[in-house]
Amino acid sequence: MTCLLCEKNILPEVTWRTALYPEAKVICDACNELLVAIDGPRCTRCSRSSTKGNCLDCIHWEKTPSKDSLARNYSVYPYNNFMQEIITKWKYQGDYELGNVFKKTFRIHFKRMIKTTSKAYVAVPIPLSEERQEERGFNQAAMLAEFLPIPKANYLERIGSEKQAKKSKEERMKSANPFRLKKSLNKPVILVDDIYTTGMTLRHAARVLLEQGCPNVISFTLIRS
Amino acid sequence: MIEKLTTSLYLELVKRCEGKLLLRKEIPLDEDLFHAFLGQNIFTPISSIIKTPFIKICRRCGNRKKSQFSNMYDFNKKRLIAYCRNCIQMGRVIETEPLYRWNGEPACWQKHESACTWEGQLTDAQTKASETIRDAILQQESALLVWAVCGSGKTEMLFAGIEGALRQGMRICLATPRVDVVRELLPRIQEAFSTIPIQALYGGSEEKRGSSQIIIASTHQLLRFEHAFDVVIIDELDAFPYHADTSLAFATERALKTSGTMIYLTATPRRKERRKLQWNQLKHVFVPTRYHGYPLPVPQMCMCFSLHKQLQEGTVPRAFIRWLCQRENKQRQLLIFLPTISLTEKVASQIYTILFNHKIIKDASEITSVHASDPERERKISQFRNKRLLVLVTTTILERGVTFPSVDVAIIDAGHSVFDEAALVQIAGRAGRSAEDPDGEVVFFHDGKTNAMVRAIRFIKRMNRLGGYTR
Ligand SMILES: [Zn+2]
Ligand SMILES: [Zn+2]
Ligand SMILES: [Zn+2]
């Protein structure tokens, strides 16, 4: 086996355990050591490292007059240079295979989160525009959703392209919701995406879902930046 | 449709596309126009990944390694499709999208009567090499190896050959494994051929067209070319990650026209090339002397007991401290090499304390460490070159290519496996580069002689003997 990140050979370590239950490693130990999940105290609403229960941003969200559409977010990894490098290769250069680097940890953390949540959730990935999807060949959020052991529903779609959304004024971006629901969903939803930055995208998606009868929306993301 | 293109746009397109294997998105045409070109067979699609029952081959990079291919699910075609991971940083090659080859009229490269604007003087040894290179190019010999010691001024030896090639309307590529070196070469070559358009291509370069008559490229960029150049000059042949990445050897061969000439430059040929020379399988020219006429500084070995233990504790050997303070010429800057990145930072602060206590430096800003993935790398190197830094602590990234006029060189833990014979010779070759200060001290600090160290010193002494210096 070759490490997906550094292309070094992975020497399988043979113990009784690995002989009985062989697990295919996709990255080497050195790379694995650089991939450290968020640990220590975090904001209970958005997963940012914080010692005060809720971070300032989230306190701000709570104070906004319209109810926050996203009940909470859980992220697995913090953002750093190493992560940025992997994401660039995976998303922008289109090395589909690299998504598998996260598979195991993404699942473990999902189980950790789901313990405190009901199991009736449906996973909904944040979609790409048709144009992006076409050019990249895959949606990284959909790939992440596939790792989760719950039902998936690709019910969201994007109106227009990401590029247009960027071009228009920031004001317009805030008010205009780039998402549409293909079919309504009356089950609680876990939105899945690769990065939580301001949470704006996820909140837009959550709002569309709530407006059409979805009882509750939370998000599960790979990275909290 | 095609007639709508102006002549100048069309000619630019030819220069940009001929001699390459391109992805659709690398061809600067809109859909309609592109289809018109396809219809007239001016672009020919070729399958990008060859699949046999046993093996896949990437048509662009030649990759055959199973681990460097992967599959992704295509929702439109409802099946798995293969893509190449080996050359993905150049844009993804995927089985469902062909590569395109220019099939129209060939580009016509201009003939330049006397393009070289360099007015310097060559030494006798340089002149001999320079003439051999020019003759090899003009007589379209298939390959020539230029074996020239560090500091012999090999860039200048190329000018006559390049000028001769330009006179014939040939296209030339200068390829080097290191991006730092590409950036350093561009202004030098441009100055020597001031009227000729030259482009530099490397990962992340602004310039992406690759449409000029002279191209300076990092080796990966060669992967796009196919029978494009009459002359390919490979700088630092021994530093090519050929053994690690076989697609590079494939790409350099392919970038050359069948009638073209490959020129290899090296200061430290590897065993494979030396054997070829012995058997006369490769034509070569040998330049054993530096351009300033002084011999290569011969490294000293210095034994340090418990070197490893001290390094682990973050201290440096006493012998090294003694050397630091007793150097002949304390005006010289200091290049200190260490085997690993983690050691460079630790040791830099130690060295600072020592030099400060001995009043050799006054301020912490005069010393820093730099390594391969350091985002500040470019800035630090140029600061050292401008003498705003007195001491640079580094890993093997600075072993070659970059030149500083007046330095002393120390390698701490020279017995480490990263310092092979070629690396040690190259590192030693950093010293004594300028005519004003043609000497420099080079010391290998070690805790046990290695073959590489002994061979490197023997090699340097032999070069000096061949250069006519007897010591
Ligand atoms: Zn690895
Ligand atoms: Zn928060
Ligand atoms: Zn390839």
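The model is predicted: local features need pLDDT of at least 70, side-chain atom pairs count only at pLDDT 80 or more, and totals for chains, interfaces and linings use all residues. Residues are numbered from 1 along each chain as its sequence is written, chains are lettered from A and ligands numbered from 1 in the order in which they are written, and side-chain values use heavy atoms, with hydrogens and water left out.

**Chain A**

- Chain A holds 10 helices and six strands. Helices (H or I, at least four residues) and strands (E, at least two) are DSSP runs, numbered from the N terminus.
- Of its 225 residues, 45% count as buried. Buried means under 20% relative accessible area, exposed over 50%, and partly exposed in between (1.4 Å probe, protein chains only).
- Among contacts in chain A with a separation of 6 or more, 76% join residues 24 or more positions apart. A contact means heavy atoms within 4.5 Å.

**Chain A against chain B**

- The size of an interface is often given as the accessible area lost when the parts come together.
- Chain A and chain B bury about 1100 Å² between them, and carbon and sulfur atoms give 39% of that area. Buried area is the accessible area (1.4 Å probe) that two parts lose on being put together, summed over both.
- Chain A puts 16 residues into the contact and chain B puts in 13 residues.
- On the chain A side, A:Gln93, A:Asp95 and A:Tyr96 lose the most area to chain B, together 39% of what that side buries.
- One salt bridge is counted between the chains. The side chains of B:Arg85 and A:Asp95 meet in a salt bridge at 2.9 Å, N to O. The term means a side-chain nitrogen of Lys or Arg within 4 Å of a carboxyl oxygen of Asp or Glu.
- Helix H6 (residues 130–136) of chain A gives four residues, the largest share of the chain A side that touches chain B.
- That chain A side divides into four nonpolar, five polar and seven charged residues. Ala, Val, Leu, Ile, Met, Phe, Trp, Tyr, Cys and Pro count as nonpolar, Asp, Glu, Lys and Arg as charged, and the others, Gly among them, as polar.

**Domains of chain B**

- Chain B is divided into domain 1 (2–102), domain 2 (124–287) and domain 3 (300–466). These bounds come from an automatic or database domain assignment.
- The C-alpha centres of domain 2 and domain 3 of chain B lie 29 Å apart. Domain 2 gives 19 residues to their contact and domain 3 gives 24 residues.
- The two domains bury about 1600 Å² between them, with 49% from carbon and sulfur atoms.
- In domain 2 of chain B, B:Cys150, B:Arg178 and B:Asp180 lose the most area to domain 3, together 29% of what that side buries.
- Four salt bridges are counted between domain 2 and domain 3 of chain B. The side chains of B:Glu421 and B:Arg274 also meet in a salt bridge, at 3.3 Å, N to O.
- Helix H5 (179–192) and helix H7 (271–278) of chain B each give two or more residues to the domain 2 side that touches domain 3. H5(B) gives the largest share, four residues.

**B:Thr219**

- B:Thr219 sits in the loop between strand S11 (214–218) and strand S12 (229–234) of chain B.
- B:Thr219 counts as buried because its relative accessibility is 3%.
- Leaving aside neighbours within four places in sequence, B:Thr219 is in contact with B:Ala175, B:Thr176, B:Pro177, B:Phe240 and B:Leu248.
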